[in-house]
Amino acid sequence: MCGITGYIGEKTATDILVDGLKRLEYRGYDSCGVAGINPEKGLYLKRVSGRVDALDALIAKDPLKKGTVGIGHTRWATHGVPSEDNAHPHTDCKNEVVLVHNGIIENYLEIKEQLLRTGHKFKSETDTEAVVHLIEEKIKGLNVSGAAARSDVLEPMFFEAVRRAIAELKGSFAMAVLWARCPGMLLAARQHSPLVIGLGGGENFIASDVSAFLKYTKKAVFLNDGEMAAVKKDSVLYFNFQGKKVEHSPVTIQWDSTMAEKGGYKHFMLKEIHEQPESVENTLRGRLLPLKGDILQREINLPSELIRNIKGVQIIACGTAYHAGLVGRYVFENFGLPTSVDFASEFSDRAKIVNKDILIIAVSQSGETADTLYAVREAKASGAKVLAITNTLGSTLTREADYVLYTHCGPEIGVASTKAFIGQLAAMYVLAIHFAVIRKNIFDADAREYANELLKIPRLIEAALEGSDAVLKIAEHFAKSEHFLFIARHINFPIALEGALKIKEISYVHAEGYAAGEMKHGPIAIIYKGMPVLAVATTSKMLSLVANNIEEAKARGAEVTAIVDEDSRKLIKASHYITVPRTAEILSPLLTVIPLQLFAYFIALAKKCDIDKPRNLAKSVTVR
Ligand code: F6R
């Protein structure tokens, strides 16, 4: 978690840093800050407990003016409460070295105790502050005080001091460091937390993700673990932690900066819900037909032999991505491939049972979720190959996985995942059909029909979105409810879980997703008179059973809203209906999830919650 920005060039650094932080706020938003160098006054530091808008207002009262280098940070607290003192950037004793950090320094207490003994004074409770004092100590050790104030003398010393400090750190970090005596160079380092360098003309950038600098440049270099960058306005040099130079060729990012703006919608979440037809279209494009699989094969490079020989699939993911995995299980198994799904955070022990006969599919929008990455490493250690489904080019997952299938959803900014989920579902369908064709588990004609149905989905999602006003009315009716129950069966059961998760995240009310058939085995006891129950009841072989479960809920006083299609509606008796277009049962989650996302959005809107930045959350969870 946490977002980092860095800038060096000709413009006022704080303008660019703050703009970048606003785009990175999804990574954490409990406090934030910037530091720069004012050529006349020295170190410039502004921090607030709260959001980037408050920081912006603080800077406006006392701007940096001529400072053209700086670093910024937006925080999701791990060590130390959200407060101004704990906000980054952190400084050394002399207010000369300043640093922003994302990650966790596991041995910070040890380092801090040593530094306290040598007289360092700490101002915060963070793990990060230990690093900045450690750098100060290393600078002292290099005897810089006597050195000429020339950059060609000081810069290598600064680099060496940071490199030596980093060598003592355990844990995960992405960091950017500035030394007031060396204002022509920023240093960046990465170990298990994402960091990317943006390459502009006469200006360069450091950021946790490309959205922070896309407005200025699309040329980027993703640092690898164990690498540092010395970033000046006209050049960037890359090194490993041993100080040896490494080469990088920049990649060109296809996203453009407007994709990360609200585009007239009140919230990113609503915009992203409405972008879902495109997310599916882009994720399917070119990957379904012709069904020989050779396009996909070339793209992900997954050998046909491996696909033919595996005995099963193990999906690992967290949160919404886990729900996509649960849908994936039904889809793969529909085509005869046994599939298990686990929360990445619960996978550690199960990793021992996987081997080369099991293909791991790791699903992650960000590609940076620590639990997922850890699970991937465990699975690889057990001999399994890993295929990543991710939305994020250059993410850690893409480097650690053996094969990668990108969802092409564009940047997802709303903390509650919507379009990334639909992209993950689309990717599951693409893979399932690809595997089924290669494993000869499907006739070509059936595969073609399945593909044709899938290609209709973007238009059907558009039609589902047209039902938005009906969903709004129902949500307003239930806006004061403190409990929600979502029920469904079979392939829509994960959609019930996802509907409940969406409400919990952004409205802070209690919601349960349950397998409709399980309700009678205990949970039905929670139903009280007037309780909102949302039931997915689209046409399926389970429909009559779902209809029974709806009756059971109603008999105990529930006020049921049924998600139906035009055919199933005739068979279901509910208080409210939300109609989605009919599609093949196996594809129905791509449509049934739409009203549930909208429902959660409208409930949160009625409750005046901070929809894009819900309390206690961050988009990218890079701690375990
Ligand atoms: C829910 C949500 C989270 C993420 C989860 C995994 O709306 O956003 O549950 O789905 O933290 O994140 P990724 O997909 O980035 O690994």
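User: What should I know about the model and the numbering?
Analyst: Residues are numbered from 1 along each chain as its sequence is written, and side-chain values use heavy atoms, with hydrogens and water left out. The model is predicted: local features need pLDDT of at least 70, side-chain atom pairs count only at pLDDT 80 or more, and totals for chains, interfaces and linings use all residues.

User: In what order do the eight strands of the open sheet run?

Analyst: The order is S3-S2-S4-S1-S10-S9-S11-S15, with antiparallel pairing. Strands are DSSP runs of E with at least two residues, helices are runs of H or I with at least four, and both are numbered from the N terminus. Two strands pair if DSSP finds at least two bridges between them.

User: Which strands stand at the edges?
Analyst: Strands S3 (42–48) and S15 (251–252) do; each has a single partner strand, so one side of each is left without a neighbour in the sheet.

User: Turning to the ligand, how many residues surround it?
Analyst: The ligand is surrounded by 13 residues, counted when a heavy atom lies within 4 Å of it. Among the closest are Ser364 and Thr369.

User: Which polar side-chain atom lies 2.4 Å from a ligand oxygen?
Analyst: That atom belongs to Thr369. A polar contact is a pair of N or O atoms within 3.5 Å. A polar backbone atom of Ser417 is 2.8 Å from an oxygen atom of the ligand.

User: Which element gives the most to the shell?
Analyst: Helix H10 does, with three residues.

How values were computed. A polar contact is a pair of N or O atoms within 3.5 Å; within protein, one must be able to donate a hydrogen and the other to accept it, and residues adjacent in sequence count only if both atoms are side-chain atoms.
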